[in-house]
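Please look over the sequence and the structure shown here before reading on. The report then goes through them part by part.

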Amino acid sequence: MSKPKVGFYWCASCGGCEESVVDLAEAILDVAAAVDFVFFPVAMDFKRSDVEAMADGAMAACMINGAIRSSEQRAMAKLLRRKAQILIAYGACSHQGGIPGLANLFDRQSILQTVYRDTPSTVNPGDIRPEASTRIPHGEVELPVLDEQVKSLDQVVPVDYYIPGCAPPVQLLKDALAAILTGRLPPKGSVLAPDKALCEQCPRAPSKPDNLLIDQFKRPHLERIDPEKCLLAQGFLCLGPATRGGCGWACINANMPCTGCLGPVSRTRDYGGAAMSALASLVNSNDEAQIAAMLETIVDPAGTFYRYGLPASLLFARAGANADKGGHEP
Amino acid sequence: MSSNVTLPVAEEFEPRIVAFFCNWCTYTAGDLAGAARLAYAPNMRVIRLMCSGRVDPEFVLAALRQGADGVLIGGCHPGDCHYREGNYKCLRRFQLLCKFLRQMGVEEQRVRLEWIAASEGDKVQKIANEMTAQLKLLGPLRLQITPRVNGRPRAAECPPAPTKGVAP
């Protein structure tokens, strides 16, 4: 019997998700023994035409990492959706929009302006911008078009499962592969990770006071961090109360607060809303001005509470002038 | 000229306001306004909660996503909370949420927190009228269109289905 075929593709991502596959270490040999990789641009020399030549549904499973923010990525997502029986959004960007999703705080025009004109290291006297097609002596060449907004994968094509994390923890990948190979998968639409908050069962939980209140928000690069004590109790913005567990407390064990890469648990409608609710209620003051002064130290709420998921949030993107140019229909 | 031709009249924008009122003070004040026949703008839809401390920022975001042009939160005056400090928790969450909403381009007049005691029926009237007038000037809230979701239904459209994750 031939081995099940598997694909692994990247869109707007950093390569960290590919790194998490390498992190399987020796276990990657078991994976290679159990499945055939038929498309994996970062590691293997298969081309888009090879995928196009496959029959629909030829791949047992395809994992796509990265957010969707260009015409090419949208086309690839649709192509891979057709060719795969199970499509998995792999990693925070694909699951929730990820860090590239913070681009939804700005409009496309100002992003292009910053990158191609305003940054100090840019030298572009002709103010040249990427064009969808350009005529050169050898003919016409084309570039993908940057979308108005960044989207999560399920905002472009139907997604069967999600493997969360930035990058996904190796254990979650192992469990997911085992589940796919044995066919023991949960209902479609599930996030393949425990559905409990990180705070539950946190190794530092015993040092979390019953009545937790914060007098001053601290930033991890400016303070000495006690390696044993609950990070919230020390005043660091740890998003463990709002974030899905399943990472093995990787950041906590490295003495850093949780930044929320696994996203919300299934009961949450808006991850950042839940995180703001949990954190703000801990402010130890009942005085309006004093509360405002304390919250002043949280300089970037969108970047703090929606670091990995602005596109998947209820507001999706910044409101205002550009609103009517909204989302491409897939 | 025919007299039964009706000319189209430019319709005035009628803002939609979702109001979260606490059971003990502000909702009672709303009742009082009604009993005292204090008319106010019909643009406000009131949702009664037991306490302003129950107002999760997610509620406000969901209201805005589902078409509200403004959200009003009403709670007991500081020190008067039926549950002692629910309104303080509301105040803390409200302040942080407002900071986030500014970043998202949502004007500050759109989301408001007011302390309204059970006896202040006239304040309900005043705030409802004032906010309606302000929102009429601001115009509709123009959120970006959310992309059509093909995968699992997003929370905004329907409550999340009970799903079980894979145990690690």
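## Confidence

This is a predicted model. It scores ipTM 0.93 and pTM 0.91. In chain B the average pLDDT is 88, and 82% of the residues score at least 70. The pLDDT falls below 50 over residues 151-168 of chain B. Beyond near neighbours in sequence, that stretch has 41 contacts in the model. Where pLDDT is low, predicted coordinates should not be read in detail.

## Layout of the chains

Chain A is divided into domain 1 (5-99 + 150-182), domain 2 (110-147) and domain 3 (194-330). The centres of domain 2 and domain 3 of chain A, taken over C-alpha atoms, are separated by 37 Å.

Chain B has 4 helices and 4 strands. Read from the N terminus, its elements run β-α-β-α-β-α-β-α. Of the 168 residues in chain B, 49% are buried. Among the contacts in chain B with a separation of 6 or more, 81% are accounted for by residues 24 or more positions apart.

## The nonpolar cores

Which residues have the most contacts inside the largest nonpolar core? They are Ala275(A), Leu64(B) and Val71(B), in a core of 85 residues. Helix 3 (residues 86-103) of chain B gives the most to this core, namely 9 residues. Apart from this core lies another one, of 52 residues, and its members include Tyr90(A), Ala92(A), Ile180(A) and Tyr308(A). In soluble globular proteins, nonpolar side chains tend to be buried together.

Not counting residues up to four places away in sequence, Leu64(B) touches Val71(B), Val106(B), Leu141(B) and Leu143(B).

## Where a helix of chain A meets a helix of chain B

Two packed helices are described by the angle between their axes and the distance between the axes. The axes of helix 9 (residues 271-280) of chain A and helix 2 (residues 57-65) of chain B come within 8 Å. They cross at roughly 150°.

On the side of chain A, the residues that meet the other helix are Gly273(A), Ala274(A), Met276(A) and Ser277(A), in helix 9. Their partners in helix 2 of chain B are Pro57(B), Glu58(B) and Leu61(B). Sorted by class, this contact has 4 nonpolar, 2 polar and 1 charged residues.

## Helix 1 of chain B

Which residues of helix 1 of chain B are buried? They are Thr26(B), Tyr27(B), Thr28(B), Ala29(B), Gly30(B) and Ala33(B). What covers them includes strand 1 (17-22), strand 2, strand 3 (70-75) and helix 4 (121-138) of chain B.

Helix 1 of chain B is followed by Arg37(B). This residue lies in the loop between helix 1 (26-35) and strand 2 (44-49) of chain B. Arg37(B) is not a glycine, yet its phi is positive, at about 55°. Is Arg37(B) buried or exposed? Arg37(B) counts as exposed because 7 other C-beta atoms lie within 10 Å, and the cut-off for exposed is 12 or fewer.

## Backbone details in chain A

Gln201(A) also has a positive phi, of about 65°, although it is not a glycine. Its place is in the loop between helix 7 and helix 8 (250-253) of chain A. Gln201(A) is exposed, with 11 other C-beta atoms within 10 Å.

The peptide bond from Cys166(A) to Ala167(A) is cis, and its omega is near -15°. Ala167(A) lies in the loop between strand 9 (161-163) and helix 7 (170-182) of chain A.

## Two more residues

Tyr306(A) sits in the segment after helix 11 (301-305) of chain A. Tyr306(A) is buried because 30 other C-beta atoms lie within 10 Å, where 20 or more are needed. Leaving aside neighbours within four places in sequence, Tyr306(A) is in contact with Gly272(A) and Ser313(A). From C-alpha to C-alpha, Tyr306(A) and Phe40(A) are 30 Å apart in space, and they are 266 residues apart in sequence.

Glu107(B) is in the loop between helix 3 and strand 4 (111-115) of chain B. With 16 other C-beta atoms within 10 Å, Glu107(B) is partly exposed. Glu107(B) and Val55(B) are 52 residues apart in sequence and 20 Å apart in space, C-alpha to C-alpha.

Definitions and conventions: Residues are numbered from 1 along each chain as its sequence is written. Chains are lettered from A and ligands numbered from 1 in the order in which they are written. This is a predicted model: local features need pLDDT of at least 70, side-chain atom pairs count only at pLDDT 80 or more; totals for chains, interfaces and linings use all residues. A nonpolar core is a set of buried Ala, Val, Leu, Ile, Met, Phe, Trp, Tyr and Cys residues joined through C-beta atoms within 7 Å. Helices (H or I, at least four residues) and strands (E, at least two) are DSSP runs, numbered from the N terminus. Two residues are in contact if their C-beta atoms, placed from the backbone, lie within 7 Å. pLDDT is the predictor's confidence in each residue, from 0 to 100. Axes are lines fitted to C-alpha atoms, for helices over the stretch in contact, and angles run from 0 to 180 degrees between N-to-C directions. Ala, Val, Leu, Ile, Met, Phe, Trp, Tyr, Cys and Pro count as nonpolar, Asp, Glu, Lys and Arg as charged, and the others, Gly among them, as polar. Domain bounds come from an automatic or database domain assignment.
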